[in-house]
Structure formats: C-alpha cells, structure tokens
Amino acid sequence: MSGLLNVNHPKGLYLLFFVEMWERFSYYGMRTLLVLYMVQQLMYTNQQAGNIYGIYTGFVYLTPLLGGYIADRFLGQRKCISIGAAMMCFGLFMLAFGGKTLFLLSLFVMIIANGFFKSNISSLLGLLYDNDNTKKDSGFTIFYMGINLGAFFSPLVCGTLAVKYGFSLGFASAGAGMLIGAGIYKIFENKILGSCGLYPVNKSNTGKEKLKKILTRREKKRLYALFALMIFTIFFWSCYEQAGCSLTLFAEYSTNRTVLNHTIPAGYFQALNPLYIIILAPMISALWSFLAKRKSEPASVEKFIIALSLMSIAYVIMAIAGSISDKTPVSPLWLVGVYFIMTIAELCISPIGLSLVSKLAPKQFMSVLMGTWFLTSFFGNMIAGFWGGKYGSIDNSVLFLTLSGISLISAVIPACLLPVFKRSLGKI
C-alpha cells in the first residue's frame, strides 16, 4: 500500500476515493439484500427474482453511456455526479420505506441515477491525470480500493441490520451511506477539484490542447481492439455477478453457515470479495511494477486472459461443491476459496479496463467511452440474471460447469488472437 501512496497523486483522487467508497457502500449494501428481499419478503420465485436482479444490475451499467454523453456534450462530469448522487439517495430511501408498491419504481430511479454518476466519476479521475499515464494505473488501483472498502463494510452493516431489524432498515442504511458520500462531494468539490470536469470538454477554454474532431488511424485501431476486449469482458461479468444471485442462494440453501452455534447471514459472504481486494490490490499492483521493471509485465490483453482463465477455475471448484451439496450442506470454506480466486481474476481485468479506457479514449469522448466500458457489465449482468434464475431448476454442478465453460471459451479466443491485439494496442 505504501508504494501506491508514495506516488504524487492529485488531491482530487482522495476526494473521489471517499465519494466512490460511500456510493459503492450503498450499492453493494442494497445488492446484498435484493434477491433475498424479493424471495422472502415479496414472495417472488427464484426465477422471477433472478430475472429482476439481472435486469436491474444490467441497466445500472447501461445508463452510464447516456450519462457520459450528457456530460461530454452538455453538463460536464461534475454536475452529472451531483445529480446522480441526489437521485440515488432518493431511490434508496424509497426502496426502504415504499414497500412492494414502489419497489420497481425505486429500482428505476436508481438505474437513472447511476447513469449520471458511474461513468463520470471514473472519467473525472482520468482527467485529473491529464496525459500522465505513468501514474494512472496506480491512481485507478487506489480508487478501486475505495470501491471495495465500501463494498466490504456494506454487506456486514446492511446485512446485519436487515437480519436483526428487517429489510427496511437494511436498505435505509444503504441510503444513509449514499447521503454521506453526496455530502462529502458537495462540501469539498470546488476547493479540491477546481475547474476540472466542471464543463463539457468541448466547451472548456483551458488552452492546453486543441481537441481533434477526427480520430487518427492509430486511434481507431486501438479503439477497435478495446471494443473487441469488451466483448470478452461481458462473459467475465456474467460469471462474476453470480455473487449476488446464484452464489448467494448457494450460501443460503446449500452451505452450512453455523459456526459456534451462530448462523452466519448469507449476505456476509459477499464481503469476502472486497476484503480480498483491499488485501490483494497493493500486492497485485506491486507485482505489475516488479514485472514492469524487468520488462516482463503482461500486456493488458494478457491480463484479461488470465482473469477469464481464473474465473473458469473458480467455477470448476464450485461445480465440485455443488455436486457435494446435493447430499449435504457444504463447508463455507468452498465459497471462501472461490471468492479468493474470483478476486484475483477481478484485479486482472476491472481496474486494468478502467485505466485502459482512460489511456485510449480521446478527451472529447472520455465519458462516453467510459460508459461504453460499463456496457460490458450491462450485458454481463443480464446474462448473469438468466443463469442465476436457473438455480434450483437444474443441478448445481451442471450450472457451475456451464459457467466455467463460458469463461474458458472467452479466455481461449483472445489467447488465439493475441498477436492481433498486440499489434493494435502496442505495449499498453
């Protein structure tokens, strides 16, 4: 961790770190409860809950494309972040106290809110570094740790409150987290961020650079390669996002959660991933730096291939656990180990992808292309909801082996096309 912080980062990084931390606290706290709330409180079937979960978590990553367009053309990143944060607070408190009547409406409000917020806070971070790519990977790694710090505490806080006092208080605590994040942003944004992201890039008069309206041939080749990588990333997220769906149901119904006469809430397992990220992110970052000094760091596309391969291995392990669970509930150590592998995979693809977009995107399209990156999560979550809805209707081992096969195929294809990607992206 000290190696990351020793780099002279812009002060705005740390503001965005805490704002994103609280936003992710609210999102993952709500997501921890969502499927169980639908099944246990609203009496949806597993299939219905899985489909709604997939649609919601998918559209949360579709609307950032529209939010990025609005920021680039009309409002700038800063105004969009403020609008999104306010709408998130409203949607979460509506979910907490609205009951079944306002359930779908509250999800819709949060989908729109996320569109204003998600791509623009990542784009704003990229703009803080201007063209300094040497610090950018490190900066995004720190930012990503903020995401997962919030994601670690939220299942513990929101999950505990939901179990002890009901789902309403669990959702309300998520809303309170977003309220804290929005307050921090509004208090400090002008002082720390100055004019960065305050206006659309094509209307700013910084004088630093005359923005190009037409992409060069090299820029186009790089963007085509980026779009191709996004396709394979879709299948990564379709497997990864089982954490809030089939893996949560597996924890609830097929895992022995009794430890010292105390039953661990199923939502607690979702805290494993962010905890691992907080621990492993500095190590992975240090590994990349170590390899870079010896000119042997994997290229971005190679890191993507590693991530997909690890995801395939994780679901082979889950298939074994699923086969055992047909006879008796399994040890929680199965999920503990699988989340560890999935976390290493995530660190090889998610912060790398964010950094890659910020390096390749021309400034005038920064937020739109960041929104396009989040489209991979949109499609991935839609597919995740489909497969999560199959839980209970097919054998666990068959379900998890299918997910393993999807990941494996998605790793093999870019591995075969590796020379093509390297010609387009160079050493990035």
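The structure is a predicted model, and its protein chain has an average pLDDT of 88, with 94% of the residues scoring at least 70. The stretch of residues 205-211, however, has a pLDDT below 50, and in the model this stretch makes 6 contacts beyond near neighbours in sequence.

Helix α12, formed by residues 300-325, and helix α16, formed by residues 396-416, have axes that come within 7 Å and cross at roughly 165°. Because angles over 145 degrees count as roughly antiparallel, α12 and α16 are roughly antiparallel to each other. The crossing of these two helices, α12 and α16, is left-handed. On the α12 side, the residues that meet α16 include Ile305, Leu308, Met311, Tyr315, Val316 and Met318, together with Gly322 and Ser325, while those contributed by α16 include Asn396, Phe400, Leu401, Leu403, Leu408, Ala411 and Pro414. Sorted by class, the contact of α12 with α16 comprises 14 nonpolar and 10 polar residues, with no charged residues.

Helix α16 also packs with helix α9, which spans residues 217-240; the axes of α9 and α16 come within 9 Å and cross at roughly 160°. This angle makes α9 roughly antiparallel to α16, and the crossing of α9 with α16 is left-handed. Phe232, Phe235, Ser238 and Cys239 of α9 make this contact with Leu403, Ile406, Ser407, Ser410, Ile413 and Pro414 of α16. The residues of the contact of α9 with α16 comprise 7 nonpolar and 3 polar, and none is charged.

A further contact of α9 is with helix α15, residues 366-388, the two helices packing at an angle of about 30° with their axes 7 Å apart. Because angles under 35 degrees count as roughly parallel, α9 is roughly parallel to α15. The crossing of α9 and α15 is right-handed. In this contact, Leu223, Phe227, Met230, Thr233, Ile234, Phe235, Trp237 and Ser238 of α9 meet residues of α15, among them Leu369, Trp373, Phe379, Gly380, Ile383 and Ala384. The contact of α9 with α15 has 11 nonpolar and 6 polar residues, and here too no charged residues are present.

Across the whole structure, a search finds 8 salt bridges. One of these is formed between Glu20 and Lys118, whose closest N and O atoms are 3.4 Å apart. This pair links distant parts of the chain, since Glu20 lies in helix α2, residues 12-40, whereas Lys118 lies in helix α6, residues 103-128, the two residues being 98 residues apart.

Definitions and conventions: Residues numbered from 1 in each chain as written. Predicted model: local features only at pLDDT ≥ 70, side-chain atom pairs only at ≥ 80, totals over all residues. Heavy atoms only, no water. Axes fitted to C-alpha atoms, helices over the stretch in contact; angles between N-to-C directions. Helix = DSSP H or I, 4+ residues; strand = E, 2+ residues; numbered from the N terminus. Parallel < 35°, antiparallel > 145°, perpendicular 65-115°, else oblique. Left-handed = near helix turned anticlockwise from the far one by under 90°. Contact = heavy atoms within 4.5 Å. Nonpolar A, V, L, I, M, F, W, Y, C, P; charged D, E, K, R; others polar. pLDDT = per-residue confidence, 0-100. Salt bridge = Lys/Arg side-chain N within 4 Å of Asp/Glu carboxyl O.
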